[in-house]
Amino acid sequence: MTVAGGTGGSQKFAIVTVTYSPGKHLEEFLASVAAATKADPLVVMVDNGSVDGAPQAAAAKHPNAVLVESGENLGFGRGANLGAAKVRELVGDAEFYLVANPDVVWAEGSIDALLEAARRWPRAGAFGPLISDPDGSVYPSARAVPTLFLGAMHAVLVGVWRTNPWTRRYLRRDEEPSEREAGWLSGACLLLRRSAFDQVGGFDERYFMYLEDVDLGDRLAGAGWANVYVPGARVLHEQGHSTKRHPARMLRAHHDSAYRFFADRHAAAWQAPLRLAVRCGLGLRAKIVIARRGAAE
């Protein structure tokens with residue numbers, strides 16, 4: 001396969017997406033790439049066991065798309081790491097991985113805007129665009145890293161008091177969109193500097209779904225790399241199309257990931273009672289949320 005694009009005929013970046021029966025979204029994703037960048041990037045699609053045939057059809061239609069069939073549902077982090085490995089195999093000199101969900105639609109110039117920001121921020125390892133929901137609202141995709149207290153207060157109060165100060169501090173929703181550092185950036189769309197991503201070992205594959213982006217942003221910052229929000233780059237995201245099919249399972253996965261994140265950061269022997277309290281609290285919250293949503297349906 002011939003890989004073209006990038007600067008001076010060299011492939012500066014490649015796109016990685018992890019698919020799980022993405023339906024029409026994948027074609028919209030691929031079709032919008034042409035307007036988002038002047039390059040003709042390689043797109044690596046790691047399929048986690050789709051049954052709708054969309055990834056296979058896309059690979060047949062788009063000559064710059066490569067399909068990697070994992071044979072099972074690896075989860076997002078493992079799938080993205082597998083895609084990055086495929087990029088290294090096919091494009092040895094790629095400087096960036098652009099990891100994005102297949103239900104993203106790229107706005108005009110959005111990919112090139114992220115690459116331009118990367119030139120302005122040489123010590124940044126991750127860059128995230130402004131993400132809009134289908135209703136036009138801006139998704140809070142550049143957030144603070146949750147401490148145990150901040151995360152607990154947000155989790156307890158957001159369902160009954162959405163404007164509480166802890167949620168506002170965590171989401172940073174009230175801030176005017178500006179290019180700035182963030183604690184972490186949404187994994188729905190991330191431009192990742194290869195040297196930074198490889199230095200920290202990529203995504204932590206113990207996270208099946210959720211918080212792998214929080215964990216990555218935190219580890220990048222710990223290694224001396226910045227996470228930069230770039231609202232000049234814009235994408236539309238159809239939130240959670242694959243998770244809506246199994247809402248209860250995904251809610252449990254979210255709470256399991258939250259426990260892993262905090263347990264890893266409070267791993268001392270003397271903190272065992274704290275870890276137990278966090279596990280019990282998250283387990284109770286998961287049951288309550290699942291019960292409420294079940295009653296609403």
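I started with F203, which is buried because its relative accessible area is 2%; buried means under 20%, exposed over 50% and partly exposed in between, with a 1.4 Å probe and protein chains only. Before going on, I noted that this is a predicted model, where local features need pLDDT of at least 70, side-chain atom pairs count only at pLDDT 80 or more, and totals for chains, interfaces and linings use all residues. Residues are numbered from 1 along each chain as its sequence is written, and side-chain values use heavy atoms, with hydrogens and water left out.

**Rings**

I searched the whole structure for aromatic pairs and got 7. For a pair, the ring centres of Phe, Tyr or Trp (its six-membered ring) lie within 6.5 Å; planes under 30 degrees apart are stacked, over 60 edge-to-face, the rest tilted. F76 and F203 make an edge-to-face pair, 5.5 Å centre to centre with 75° between the planes. That pair links distant parts of the chain, 127 residues apart: F76 is in helix α3 (residues 76-90), and F203 is in the loop between α7 (194-199) and α8 (212-222). Helices (H or I, at least four residues) and strands (E, at least two) are DSSP runs numbered from the N terminus. I checked burial too: F76 and F203 are both buried.

F203 also pairs with F197: the centres are 5.6 Å apart and the planes at 70°, so this pair is edge-to-face. F197 counts as buried because its relative accessibility is 3%. Ring pairs join F76, Y97, F197 and F203 into a cluster.

**Cavity**

I found 1 cavity of 30 Å³ or more. On a 1 Å grid over the protein atoms alone, a cavity is a set of points where a 1.4 Å probe fits but cannot get out, and lining residues have an atom within 4 Å of a point. The volume of the largest cavity is about 40 Å³, counted as the space filled by probe spheres set on the points. Its lining is L148, Y259, F262, A263, H266, L274, R275 and V278. Helices α9 (247-264) and α10 (272-296) each give two or more residues to that lining.

**R180**

Last, I looked up R180 in strand β9 (residues 180-182). Is R180 buried or exposed? It is buried, because its relative accessible area is 12%. A polar atom of the R180 side chain lies 3.4 Å from the backbone oxygen of A142. Leaving aside neighbours within four places in sequence, R180 is in contact (heavy atoms within 4.5 Å) with A142, R172, E175, N227, V228 and Y229.

Definitions and conventions: Polar contact = N/O pair within 3.5 Å; in protein donor to acceptor, adjacent residues only side chain to side chain. 1 Å grid on protein atoms, 1.4 Å probe; cavity = no way out; pocket = protein on both sides within 12 Å on 5 of 7 lines; lining within 4 Å.
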